[in-house]
Amino acid sequence: MDPLDLVNILQDHRVYIQTHNFPDPDAISSAFGLQQFLGFHGIPSTLCYDGRIDRVSVKKMLDTFGIAMYSKGEITDMQRDDFIVLVDSQKMNGNITNMAGKVVACIDHHPIFYPYAYQYQDIQAVGSCACIIASYFQRTGTPLTSNCAAALAYGIKMDTADLTRGTAALDMEMLSHLFHSADWGLVAEMYSNTMEFDDLRAYGAAIQNIQIFQGTGFAYIPFHSAQALVAIISDFILSLDVVDMAVVYARHMEGLRFSVRCKQGHIHAGLLIAKALAPYGSGGGHPCMAGGMIQQDKIPLLGENMHASIHHAFLHTILEMQEDS
């Protein structure tokens with residue numbers, strides 16, 4: 001796709017750039033980068049999301065890079081004929097909320113589970129959505145500020161775990177491209193003082209009840225934890241030498257939130273969680289990292305022993321996927 005085609009589509013419309021719910025650094029940097037790209041070409045836009053910004057590190061990112069994002073509740077004047085561009089997400093996925101405007105475009109790096117007729121679609125199998133947005137500046141010769149370049153570089157680094165997880169050639173090419181433009185002082189600032197004291201409780205709970213079956217590590221956090229923290233803890237569980245796949249799930253006000261991580265080339269994490277949670281909820285993601293949700297009213301479907309049902313669902317699905325491969 002030619003990024004300038006997107007510019008033409010959005011002309012003469014009020015534009016919103018929407019991330020997935022509870023946005024992470026890759027989603028935020030992608031939305032911010034696209035906002036800067038469109039702004040240079042005369043298209044003003046507003047960044048929006050549903051859920052909450054409930055991690056110190058994510059709030060710090062907004063402050064560090066000067067990014068303004070608005071929750072669904074803060075946007076009261078969106079109209080049906082306003083245009084929405086989805087970034088780091090896709091329509092009809094479980095992690096995206098329908099808003100009043102019309103979704104006309106999608107820029108993402110996750111597998112397609114629900115095809116949709118966007119006017120503009122750029123979905124690539126890469127490690128980060130931020131690298132796709134960075135390529136828009138490179139391909140069109142659009143000027144890139146040091147602040148925006150730093151935000152995109154940080155998004156690439158975070159979603160690929162510093163180029164060690166699900167990394168594609170484009171991630172590396174764009175990080176190299178951003179190197180000379182980015183304010184690396186801002187990137188370095190993002191790596192300091194990003195853990196909250198209450199995070200230790202979540203780590204402690206996960207460590208206390210971890211169970212490992214045939215290389216799959218399961219950990220449960222029995223109290224509310226931010227989705228970003230659940231993902232961080234799943235990375236931590238995957239680092240154990242006896243674990244090839246980590247499944248971490250935590251209580252949340254809306255139900256149970258899941259984060260799955262797996263070693264490169266093991267099993268497709270996104271397909272695994274989508275299939276395992278299908279009877280109860282929804283999920284999806286990349287080959288190496290994925291997330292999902294079981295809504296509160298669906299938890300009773302797990303039966304009297306919630307943990308046994310979750311373990312069985314994932315282990316049975318893993319076995320099926322291994323047999324089919």
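Reader: Hi! How many residues does helix α11 have, and what span does it reach?
Author: In this predicted model, helix α11 (residues 306-324) has 19 residues and reaches 27 Å from its first C-alpha to its last. That is close to the 27 Å expected at 1.5 Å a residue, where the expected span is 1.5 Å times one less than the number of residues. Helices here are DSSP runs of H or I with at least four residues, strands are runs of E with at least two, and both are numbered from the N terminus.

Reader: Before we go on, what are the ground rules for the model?
Author: Local features need pLDDT of at least 70 and side-chain atom pairs count only at pLDDT 80 or more, while totals for chains, interfaces and linings use all residues. Residues are numbered from 1 along each chain as its sequence is written, and side-chain values use heavy atoms, with hydrogens and water left out.

Reader: Thanks! Which residues of α11 are buried?
Author: Met306, Ser309, Ile310, His311, Ala313, Phe314, Thr317, Ile318 and Met321. Buried means under 20% relative accessible area, exposed means over 50%, and partly exposed is in between, with a 1.4 Å probe and protein chains only.

Reader: And what covers them?
Author: The cover includes β7 (211-213), β8, β9 (245-252), β10 (255-262) and α10 (269-276). Contact here means heavy atoms within 4.5 Å.

Reader: How about α8, which residues are buried there?
Author: In helix α8 (residues 199-209), they are Asp199, Ala202, Tyr203, Ala205 and Ala206. Seen down the axis of α8, these fall within an arc of 160°, so they line one face of the helix. The arc is taken over the directions from the helix axis to the C-beta atoms. The buried residues of α8 pack against β8 (216-221) and α9 (227-238).

Reader: Switching to the sheet: what's the strand order?
Author: Six strands form an open sheet in the order β3-β2-β1-β4-β5-β6, with parallel pairing. Two strands pair if DSSP finds at least two bridges between them. The edge strands, β3 (69-71) and β6 (120-123), each pair on one side only. Neighbouring strands are turned by 30° against each other on average, direction ignored.

Reader: Which helix packs on it?
Author: Helix α2 (residues 25-40) does, touching β1 (15-18), β2, β3, β4 (83-87) and β5 (102-108). The direction of α2 makes about 165° with that of β2. Axes are lines fitted to C-alpha atoms, for helices over the stretch in contact, and angles run from 0 to 180 degrees between N-to-C directions.

Reader: Is serine 89 buried or exposed?
Author: Serine 89 counts as buried, at 1% relative accessibility. Serine 89 sits in the loop between β4 and β5. Leaving aside neighbours within four places in sequence, serine 89 is in contact with Gln18, Thr19, His20, Ile96, Cys106, Ile107 and Asp108.

Reader: Nice. How many salt bridges are there in the whole structure?
Author: A search finds seven, a salt bridge being a side-chain nitrogen of Lys or Arg within 4 Å of a carboxyl oxygen of Asp or Glu. One of them joins arginine 14 to aspartate 77, with the closest N and O atoms 3.2 Å apart. Arginine 14 lies in the loop between α1 (3-10) and β1 and aspartate 77 in the loop between β3 and β4, so the pair ties together parts 63 residues apart in sequence.

Reader: What about lysine 60 and glutamate 189?
Author: Their side chains meet in a salt bridge too, at 3.4 Å, N to O. Lysine 60 is in helix α3 (residues 56-65) and glutamate 189 in helix α7 (residues 184-190), 129 residues apart. Lysine 60 counts as buried at 13% relative accessibility, whereas glutamate 189 is partly exposed at 38%.
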